[in-house]
Amino acid sequence: MNETKRRNGFVTAWLWLVIIVNLIFFVYNTVVLFGQSSVPEVLWGGLAAVVSLLTVLSAVLLLKWNKLGYLLFCVSTVIYSIVGIFVVQLSYHTVLINLLSILFWWLILQMRKNGKSAWGLLKNGVDYKHCRHIYQL
């Protein structure tokens, strides 16, 4: 018998909040980007805008039950942190907080509903049959 997947309500609310907030960050970073004058500021603003969009895509993939969303979030966070250290000389405390967000996301995905965590219900790989419909939530 085919069982429907159900995630904890907090996990769903978190993913939708991530989508909304990162879309706002994308617009903000894009607008601020046009007012920057130095190369490191432009690079940082552009990277922040791209990472915001990647985070939105990550949350959408997780809403579609795909573990690639979490992997995409991890990779974009690590790249953002590395560029932050070497380009704009972010403090190591800020980078540590960025990297701890990876653990925070994993912990949220561990929340259970009916004895099953959202992490355990995620599938691996790309769903080639439905990947063109990723925009449909």
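Begin by selecting Asn-98, which lies in helix α4; helices here are DSSP runs of H or I with at least four residues, strands are DSSP runs of E with at least two, and both are numbered from the N terminus. The model on your screen is a predicted one, in which local features need pLDDT of at least 70 and side-chain atom pairs count only at pLDDT 80 or more, while totals for chains, interfaces and linings use all residues. Residues are numbered from 1 along each chain as its sequence is written, and side-chain values use heavy atoms, with hydrogens and water left out.

Is Asn-98 buried or exposed? Asn-98 counts as buried because its relative accessibility is 19%, where buried means under 20% relative accessible area, exposed means over 50%, and partly exposed is what falls in between, with a 1.4 Å probe and protein chains only. Show its surroundings next: leaving out residues up to four places away in sequence, Asn-98 touches Thr-77, Tyr-80 and Ser-81, a contact being heavy atoms within 4.5 Å.

Now select the whole of α4, whose 18 residues reach 26 Å from the first C-alpha to the last, close to the 26 Å expected at 1.5 Å a residue; the expected span is 1.5 Å times one less than the number of residues in the helix.

On the α3 side the contact includes Tyr-70, Phe-73 and Cys-74, and on the α4 side it includes Tyr-92, Val-95 and Trp-106.

**Into the cores**

Next, select Val-11, Leu-15, Ile-19, Leu-62, Tyr-70, Trp-105 and Leu-109, the residues with the most contacts inside the largest nonpolar core, which has 20 residues. A nonpolar core is a set of buried Ala, Val, Leu, Ile, Met, Phe, Trp, Tyr and Cys residues joined through side-chain atoms within 4.5 Å. At least two residues of this core come from each of α1 (9-33), α2 (39-63), α3 (68-86), α4 (92-109) and α5 (118-121), and α2 gives the most, with five residues. A second, separate core of five residues can be found by selecting Trp-44, Leu-47, Val-51 and Tyr-80, which are among its members.

**The first helix and the segment before it**

Move to α1, where the buried residues are Val-11, Leu-15, Val-18, Ile-19, Asn-22 and Asn-29, and where the cover over them includes α2, α4 and α5. If you centre on Val-11, not counting residues up to four places away in sequence, you will find Ile-108, Leu-109, Met-111 and Ala-118 touching it. At the start of α1, a side-chain oxygen of Asn-8 reaches to within 2.8 Å of the backbone nitrogen of Phe-10.

Step back to Arg-7, which has its place in the segment before α1 and counts as buried because its relative accessibility is 13%. Which backbone oxygen does the side chain of Arg-7 reach? The side chain of Arg-7 reaches the backbone oxygen of Leu-63, at 2.9 Å. Leaving aside neighbours within four places in sequence, the residues in contact with Arg-7 include Leu-62, Trp-65 and Lys-113.

**Two loops to compare**

Select Trp-65, in the loop between α2 and α3, and then Asn-114, in the loop between β1 (112-113) and β2 (116-117). Most residues other than glycine have a negative phi. Trp-65, however, has a positive phi of about 65°, and Asn-114 has a positive phi of about 55°. Trp-65 counts as buried, at 14% relative accessibility, whereas Asn-114 is exposed, with a relative accessible area of 69%.

**Zooming out**

Finally, show the protein chain entire, with its five helices and two strands, which run α-α-α-α-β-β-α from the N terminus on. Buried residues make up 33% of the 137 residues in the protein chain.

Definitions and conventions
Polar contact = N/O pair within 3.5 Å; in protein donor to acceptor, adjacent residues only side chain to side chain.
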